[in-house]
Every structure is written in C-alpha cells, then in structure tokens.
Amino acid sequence: MKRVVVGLSGGVDSSVTAHLLKELGFEVIGLFMKNWHDDSVTISNECPWLEDSNDAMIVAEKLGIPFQVVDLSEQYKERIVDYMFDEYSKGRTPNPDVLCNREIKFDVFMDIALKLGADYVATGHYCRKGEEIINGKPVYKLLGGKDTNKDQSYFLCQLSQQQLAKALFPIGELTKPEVREIAKEADLITAEKKDSQGLCFIGKVRLPEFLQQKLQPKEGVIVTIPSDFSEYVKETPTFENKEAELKYFAKKFSYQKEDGKVVGKHQGAHYFTKGQRKGLDVGGTKEALYVIETDVTKNIIYTGEGKNHSGLYRNVLFVSNDEIHWIREDLTLKVGETMEVEARIRYRQILEKATLYKVESGLYVEFENKQSAIQEGQFVAWYKNEELLGSGVIS
C-alpha cells in the first residue's frame, strides 16, 4: 500500500484531497503546517492557525487518519518572510505563494513526509500532473486544473522534476463546486468553509502593516505623469537586430519628479506596487490614479490617471539566467532559440500569446499584446497546451 502525506490546511480543498486518496486505497497521513506564530502582526483577535489546525484535526478524525502539526515557522521566516522584506525594500514585489510552494511545501515539508516513509506528498491545488516516457526516462508534466476559474498551476511554476515526481494533486480534475459537493457527501466539517485569503499560511495580515515592522514609514511625494509624457510618444529607433529591439522594449520608463506634478504624499514607496490604485488617497482626478512606477531610492511614487495610462503598459520583459526555471528540463532553450508559448505574469490572468527568445544574458518574453503593470520580482510562467513548461522572475 502506497503511503501519502497530505498537507491538511483546514480548508475544503485539502480535506477532499485526503478523502479521495483514502477512497483510492492509499495509506493517508495528515500534517498541518504551522508557519507563523508572531501574533503581533495578525490583525484580529482571531487566531487563524489555531482554528485551521483544529478543523484539520476534526477532518483527520472523521477520515480515521493519523494527524499531527509540524512547526515550520523558523524555515518560513528565513526563506519567505525575510525574502519578502528584502524584495520590498528594493522596490520589487515578491510572490510569497510561489515561493512557499517551492521552499516550504515541496521542500521542507516534503522532506518531513519522506522521513515518515511517504511515497508521495499531496496538496489541494487545482492542477494536474502528467507523465510521459521521453528517451527512456519518465518526464513529469504540470498541467492546468480542469476548473479554469481556479487553475492554480501558476503557484507551482517553480517546481522541479524531482518535486513533481513525488507530488499528487487529486482535485485537479474537479471544479470547486464538485469539491464542495464531495465534502458535503463525506460529511466533512470544512464543506462550507470560505476560501482562505491572505499570505500563504500567515492568515489575516494586512500587507502594509506587516511590512511596517521592518520597513520604516518615511514620507514622500506622489507625482502624476501626464499621458502625453515625451517618453511615451517618442519615435522608435531602428534596430540592428532582434535582440537590440527586445532590449529596447523591455526597458521600463524612468521618471524624474519634474516630469509631472506633485498631487499628494505617501508613507513609503516600498509599500506600493505597480498597477496599485488603493491606498493613494488622492482625490480630484477624473479617473482613478494608478501606480506606474516607484522609486525607493528617492522615495517617490509615480502615478498615471486611468487604467489605460501608457505608463502601465509594456509588451517585453526580461528574465536573467539565474532566474530562469524549466519544469520541462528537456525543453530548455539554447542561446538563439525561440519558442511560441502562452504566458501569464500574475495568477488570475488569462493566458496571452507570447514568444520566448533565449539570449546570452537570459530570456526575453515578448507578448503579442501589451501587458499591464509588469512588475519586477513577480513570476512570469509560460505554457503550451495547458502544460506549464517553465517560469522566471521578472527582472
């Protein structure tokens, strides 16, 4: 009998994951990961992790499977929280959920599971795993979830062949309503439970307040850049080759304070991210203001009016060599090679047509349509026919 460890989070997805595996005849063990216990940054008096671990325990009892809580808060602080502070202080926007999967769930947690003699680790992600024998070796594939509305493959875009080999995603073939239905039939306490929000496992934390612990507030100005700013309307030069063209279009616009007008104040550029419109508190404009750039050195936030402002849009981004990650190692591009793909730069985004260009220094991703708010530090993931082939950190 194969043994599988399920990361029980106290939510409906992981509860149903454990239930389905049990039905399939696996020997199932439930583990709850405690990743955070600094209560000074949670907002309410509720203690979400206690509530969640309790729900997870009740589900385990109902299913008749062994259960325990593992405390990974030290590794979580080192690998996720410290990294987040570091990225925000540089004016980049990290994606803690992608990292949490790579560094915690499928690394630290997987190690614990394998020490318990597990053959597999299962999670409640909406994605699927495929397998094909290529050149005599099994190659594992990460496929989007059947429920396109909930497809979570993006969050797993940094997994490796070794991690995928041991991973199972039992609810990937189901839709969210079907999952809830199964939970109801199996009489699981989590059947009606709302989906959790907030950082991967930290629970109810407001990001600016969380960041304020390490990144001190400092007052700066908010500048609005007009939509006819000279950089947006200047003529495109002629390029000697494709790489020169890609390099030109991948470069983000740079602004000076005198390029626009000061319309307000903020408490720290490092709390803001491109494309953001909440929290600016500037009135009197026809359309809402959006952050188009932050300068953490000079502590200035640049904004543009309306979500179609030219400062928000680019169609080329760059990933440096040490940030390129191929799940399908067998498809890795060599210098000079290109690949037609579909790509996304954030979780809920619809896949967009794009072309990958491998050059000496890294990888360019050229989108057919301009993308809004391409943000350094976030992940770009590329797909072909529902399969996530690789990803990289936008530089």
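Start with I301, which sits in strand β11 (residues 300-305). Strands (E, at least two residues) and helices (H or I, at least four) are DSSP runs, numbered from the N terminus. This is a predicted model, where local features need pLDDT of at least 70 and side-chain atom pairs count only at pLDDT 80 or more, while totals for chains, interfaces and linings use all residues. Residues are numbered from 1 along each chain as its sequence is written, and side-chain values use heavy atoms, leaving out hydrogens and water.

Is I301 buried or exposed? I301 counts as buried, because its relative accessibility is 0%. Buried means under 20% relative accessible area, exposed over 50%, partly exposed in between (1.4 Å probe, protein chains only). Now show what I301 touches: leaving out residues up to four places away in sequence, the list includes V221, I222, V223, H266 and F272. Contact means heavy atoms within 4.5 Å.

Next, select S14 in helix α1 (residues 12-23). S14 counts as buried because its relative accessibility is 4%. Look at its side chain: a polar atom there lies 3.0 Å from the backbone nitrogen of S9. Beyond its neighbours within four places in sequence, S14 is in contact with V6, G7, L8, S9 and G124.

Move to the largest nonpolar core, with 54 residues. Such a core is a set of buried Ala, Val, Leu, Ile, Met, Phe, Trp, Tyr and Cys residues joined through side-chain atoms within 4.5 Å. Pick F109, L142, Y154 and F169, which have the most contacts inside this core. Colour α4 (96-115), one of the elements supplying at least two residues. α4 gives the most to this core, with 9 residues. Zoom in on L142: among the residues it touches, not counting those up to four places away in sequence, are C127, L156, L164, F169 and I327. A second, separate core has 27 residues, including V28, L63, Y126 and V179.

Last stop: which residues are closest to the centre of the second largest pocket? Select E231, Y248, F249, K251 and F253, from a lining of 15 residues. Then show α8 (230-233), α9 (242-250) and β12 (313-320), the elements that give two or more residues to this lining. β12 gives the most, with 3 residues.

Definitions and conventions: On a 1 Å grid over the protein atoms alone, a cavity is a set of points where a 1.4 Å probe fits but cannot get out, and a pocket is an open set with protein on both sides within 12 Å along at least five of seven lines; lining residues have an atom within 4 Å of a point. A polar contact is a pair of N or O atoms within 3.5 Å; within protein, one must be able to donate a hydrogen and the other to accept it, and residues adjacent in sequence count only if both atoms are side-chain atoms.
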